[in-house]
Amino acid sequence: PMNKILVPVDFSESAADALRYALELNRRFFAKIILLYVFDMPKISGGEVLPELELNYKNFAKGFEDDLELFFKKYSNPDEPWIYEVHAIAGEHNESIVHFAEQEDADLIVLGRKGVAGLRRLIFGSVSKYVLTHATMPVIVVPAGEAYKGIDKILLATDFNEELSEKNYQFLSGFTNMFDARLEILHVVNGEVFRNEKSESVFRFLQLQFHKNPHLIKVRGNEDVIGAIEKFSAENNISLLVTI
């Protein structure tokens with residue numbers, strides 16, 4: 001079940017894209033949408049607000065939460081019975097998003113990505129990279145300007161380094177089934193496909209779990225693996241790219 005979807009917000013257009021995307025996704029899940037804004041304010045080492053700033057902290061948080069309410073109402077349909085919460089907290093932006101998601105036991109994070117759209121920028125953006133690599137729950141990163149157009153084709157890009165955990169497998173399978181989507185598996189390699197017994201084992205594991213053969217694309221040493229994934233995604237009209 002999908003109970004909570006966390007949407008970090010910085011009031012930018014990319015955050016609006018992420019919220020709109022999350023709301024469209026949520027037509028399938030009926031989860032609670034949680035909007036989070038992280039603002040800067042000095043804290044002592046234990047993570048508590050400095051006593052002389054406590055009143056200011058409460059006022060800042062309340063003001064930002066009011067702004068989040070307006071932000072949600074601006075980008076959602078008021079006639080739909082959305083269940084949502086707004087939270088504003090002080091902290092380091094990247095770490096606070098992940099920590100808050102864990103505290104709230106969020107099932108999914110939907111995050112906006114600023115700047116030029118594209119896989120390379122998506123992977124190497126500072127906030128998205130940190131959340132993708134540190135969050136303990138699935139993360140969807142929405143590139144700037146990307147509108148939700150439905151999810152009918154999902155691509156799992158894998159380097160055959162490790163098997164899907166049972167938790168990840170169940171989530172991906174359930175997500176795919178929920179949207180009645182087609183799942184494709186892609187491995188881009190610039191050398192031997194099976195570098196060792198482990199990579200061959202992962203290949204067999206994916207075959208068995210998803211009842212299909214992964215697509216194998218070979219590139220030369222000076223060619224771009226990320227570019228090959230982007231090209232495959234474009235040519236096959238992929239709606240959602242998944243990496244582990």
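Reply: One cut-off before we start: buried means under 20% relative accessible area, exposed means over 50%, and partly exposed is in between. Arg27 has a relative accessible area of 38%, so Arg27 is partly exposed. Keep in mind that this is a predicted model.

Me: OK. Which side chain does Arg27 meet in a salt bridge?
Reply: That of Glu80, at 2.7 Å, N to O. Arg27 lies in helix 1 and Glu80 in the loop between helix 2 (54–75) and strand 3 (84–90), so the pair ties together parts that are 53 residues apart in sequence.

Me: And Glu80, how does it count by relative accessibility?
Reply: Partly exposed, because its relative accessibility is 23%.

Me: How many salt bridges does the count come to?
Reply: 10. Among them is Arg182 with Glu184, where the closest N and O atoms are 2.4 Å apart. Glu184 is buried, at 11% relative accessible area.

Me: How many residues apart are Asp17 and Arg20?
Reply: 3, about one turn of the helix, and both lie in helix 1. An α-helix has 3.6 residues a turn, so residues three or four places apart point the same way.

Me: Asp17: buried or exposed?
Reply: Buried, at 8% relative accessibility. Arg20 counts as partly exposed, at 31%.

Me: What about Asn26, buried or exposed?
Reply: Buried, with a relative accessible area of 2%. Asn26 lies in helix 1, residues 13–29.

Me: What is Asn26 in contact with, leaving aside neighbours within four places in sequence?
Reply: Ile5, Ala31, Ile33 and Trp82. For Ala31 there is a polar detail: its backbone nitrogen lies 2.7 Å from a polar atom of the Asn26 side chain.

Me: Switching topic. In what order do the 4 strands of the open sheet come?
Reply: 8-7-6-9, with parallel pairing. Strand 8 (215–218) and strand 9 (240–242) stand at the edges, each with a single partner strand, so one side of each has no neighbour in the sheet. On average, neighbouring strands are turned by 25° against each other, direction ignored.

Me: How many bridges join strand 6 to strand 9?
Reply: 3, and the two strands run parallel. Strand 6 covers residues 153–157. Leu156 stands opposite Val242 in strand 9.

Me: Which strands does helix 8 lie across?
Reply: Strand 6, strand 7 (182–189), strand 8 and strand 9. Helix 8 spans residues 225–235 and runs at about 155° to strand 7.

Me: Which residues of helix 8 are buried?
Reply: Ile226, Ala228, Ile229, Phe232 and Ser233. They cover an arc of only 160° around the axis, so they sit on the same side of helix 8.

Me: And what exposed residues does the face turned away from that buried side carry?
Reply: Lys231, Ala234 and Glu235.

Me: Last bit, the ends. Which residue caps the N-terminal end of helix 8?
Reply: Asp224. One of its side-chain oxygens lies 3.0 Å from the backbone nitrogen of Ile226.

Definitions and conventions
Residues are numbered from 1 along each chain as its sequence is written. This is a predicted model: local features need pLDDT of at least 70, side-chain atom pairs count only at pLDDT 80 or more; totals for chains, interfaces and linings use all residues. Side-chain values use heavy atoms; hydrogens and water are left out. Buried means under 20% relative accessible area, exposed over 50%, partly exposed in between (1.4 Å probe, protein chains only). A polar contact is a pair of N or O atoms within 3.5 Å; within protein, one must be able to donate a hydrogen and the other to accept it, and residues adjacent in sequence count only if both atoms are side-chain atoms. Contact means heavy atoms within 4.5 Å. Two strands pair if DSSP finds at least two bridges between them. Axes are lines fitted to C-alpha atoms, for helices over the stretch in contact, and angles run from 0 to 180 degrees between N-to-C directions. A salt bridge is a side-chain nitrogen of Lys or Arg within 4 Å of a carboxyl oxygen of Asp or Glu. The arc is that of the directions from the helix axis to the C-beta atoms.
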